[in-house]
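Student: Please pick one part of this structure and take me through it closely. Then show me a few other places worth a look.

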Amino acid sequence: MTKDIVIIGGGPAGLAAAVAARDAGAKEILVIERDEILGGILNQCIHNGFGLHTFKEELTGPEYASRFIKQVEERRDGIDTLLKTIVIDVRAEGDTKTVTCMSKEQGIFTVDCKSVILAMGCRERPRGALNIPGLRPAGVYSAGTAQRIVNIEGRLPGKNVVILGSGDIGLIMARRMTLEGAKVHAVLELMPYSGGLKRNIVQCLNDFDIPLRLSTTVIDIGGRERLEYVVTAEVDKNLKPIPGTEEKIECDTLLLSCGLLPENELTEAMGVKINPKTGGAEVDESFETSISGVFSCGNVLHVHDLVDFVSEEAKEAGKRAAAYVLNTVPARSTNEIRLVPGAGVRYTIPVSIRKERLEDLLTIRFRVTDVYKDPEICVYFDDKCIRRQKKKIVAPGEMEQVILRRQDICAEENIKEIKIQLE
């Protein structure tokens, strides 16, 4: 089988990339999805809040996914899909990429293509990565697993709940479990700030009188067959438990919402350069990775807080992949400008740009390292500050962005780096 573009992942990123690539002129596009339906994680996100940027209206997760699924179906003349199919290997040799897949119907087979778009999404950090002592009783779930049990399977995991981690999934599940009749005793957060959106703290915790305990973690769990209690403790500035602050909470369910990890095993195996700060690929202004013709977008690139931004980036990746296939994009030059995270900034997307490939506007997204009140977001061209933007507050749980004009970047002849920092 031969295609122009193979997109790995049929979630919001993969669907948006497929639509954009087809609209940009690519004629043979294949979307490979391991699940039995398209839409990815959105299918179990039945709460609203999606689509305000993309569709200018508030949608549930399944509604948002269905909009893009419909757009894919309207382009069946150029977009094919393979469901219940797992990609086990990707190889790039010159201009040809070979994607090795496996399915129940076809066994192991390969697809040759000119370009690959990585859109595999992310996964939750498991309990094993959290170093929580205790046995392995029933009742300990990741927040996403609990979400699927409640929203897809129609079952309630437990009735007395503690949630560790204040990521958006954990906050949303605090509300969801409460609405289903469970008692959520507390949401615990190791850091001194929440990892979720402010609106979710208000709508999911404050509105239901669910306490959020910052700088607090679980240090032990009890129970052999079924979870019976957790022991919590406050932590110091080094994130170590403070003796004397222990508290025992009786519960039958512990939900873990302790961060998301980009699904980049395939990416690393094929030799793409990985950004250690994001766990995703390093990409340029075109969302192209260190391997020519291989693009990355969505939560496999970096974890987003809004799916609208996932779709926005994926559309750009799809359009650029189509340009690569059609050979309408300037070749990569060695004269790149590096984007550097400065004081208070954890990472930037992209990490490099080339002037000859820039469009009129360049969106740079980034996350900060801590909660800062009244900061200025400063943009430097080498040592020259070209912009200061005042913000009331910034936090790690909410992505920030700055938009630069191509003409301003190109006006600086010898610029070597662009730095984003807080002052």
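**The hairpin and its surroundings**

Tutor: Strands S7 and S8 form a hairpin, with three residues between them. Strands (E, at least two residues) and helices (H or I, at least four) are DSSP runs, numbered from the N terminus. This model is predicted, so local features need pLDDT of at least 70, side-chain atom pairs count only at pLDDT 80 or more, and totals for chains, interfaces and linings use all residues. Residues are numbered from 1 along each chain as its sequence is written, and side-chain values use heavy atoms, without hydrogens or water.

S7 covers residues 96–103. S8 covers residues 107–118. Two strands count as paired if DSSP finds at least two bridges between them.

Strand S1, residues 2–8, runs parallel to S8, and six bridges join the two. Look at Ile8: it stands opposite Leu118 in S8. Strand S19, residues 294–296, also pairs with S8. That pairing is parallel, over three bridges.

Now zoom in on Thr100. It sits in S7. Is Thr100 buried or exposed? Its relative accessible area is 15%, so Thr100 is buried. The cut-offs are under 20% for buried, over 50% for exposed and partly exposed in between, with a 1.4 Å probe and protein chains only. Which residues does Thr100 touch? Leaving out residues up to four places away in sequence, they are Ile86, Val87, Ile88, Asp89, Ile108, Phe109 and Thr110. A contact means heavy atoms within 4.5 Å. Take Ile88 from that list. It is 12 residues from Thr100 in sequence, but the C-alpha atoms are 5.8 Å apart in space.

Next, the surface. Ile86, Ile88, Met102 and Ile108 make a nonpolar patch of about 360 Å². Patch residues have over 30% relative accessible area and no salt bridge; nonpolar side chains are joined within 5 Å, like charges within 9 Å. Ile86 lies in strand S6, residues 85–93. At 41% relative accessibility, Ile86 is partly exposed. So Ile86 belongs to the patch, and also touches the buried Thr100.

S14, residues 216–222, is mostly covered, with five of its seven residues buried. S14 pairs with S15, residues 229–234. Six bridges join them, in the antiparallel sense. Thr217 has Ala233 as its bridge partner in S15. The turn holds six residues between the strands. Gly223 in that turn has a positive phi of about 120 degrees.

Ser215 is in the loop between S13 (212–213) and S14. Its phi is near 50 degrees, a positive value in a residue other than glycine. Ser215 is partly exposed, at 22% relative accessible area. Leu239 lies in the loop between S15 and S16 (247–250). Its phi is also positive, about 65 degrees, although it is not a glycine. Leu239 is partly exposed, with a relative accessible area of 34%.

Now a helix. H4 spans residues 168–179. Its 12 residues reach 17 Å from first C-alpha to last, close to the 16 Å expected at 1.5 Å a residue. That expected span is 1.5 Å times one less than the number of residues. Nine of the 12 residues are buried, so H4 is largely enclosed by the rest of the structure. Among the buried ones are Leu171, Ile172 and Met173. What covers them includes helix H3 (143–151), strand S12 (183–188) and helix H5 (198–205). After H4 comes Gly181, with a positive phi near 105 degrees.

Finish with two loop residues. Pro350 lies in the loop between S21 (345–349) and S22. A cis peptide bond joins Ile349 to Pro350, with omega about 5 degrees. Arg354 lies in the loop between S22 (352–353) and S23 (361–368). At 9% relative accessibility, Arg354 is buried. Its contacts beyond four places in sequence include Asp284, Glu285 and Glu336.

Technical notes: Accessible areas come from the Shrake-Rupley method with a 1.4 Å probe; for residues, only the protein chains shown count as cover. A salt bridge is a side-chain nitrogen of Lys or Arg within 4 Å of a carboxyl oxygen of Asp or Glu.
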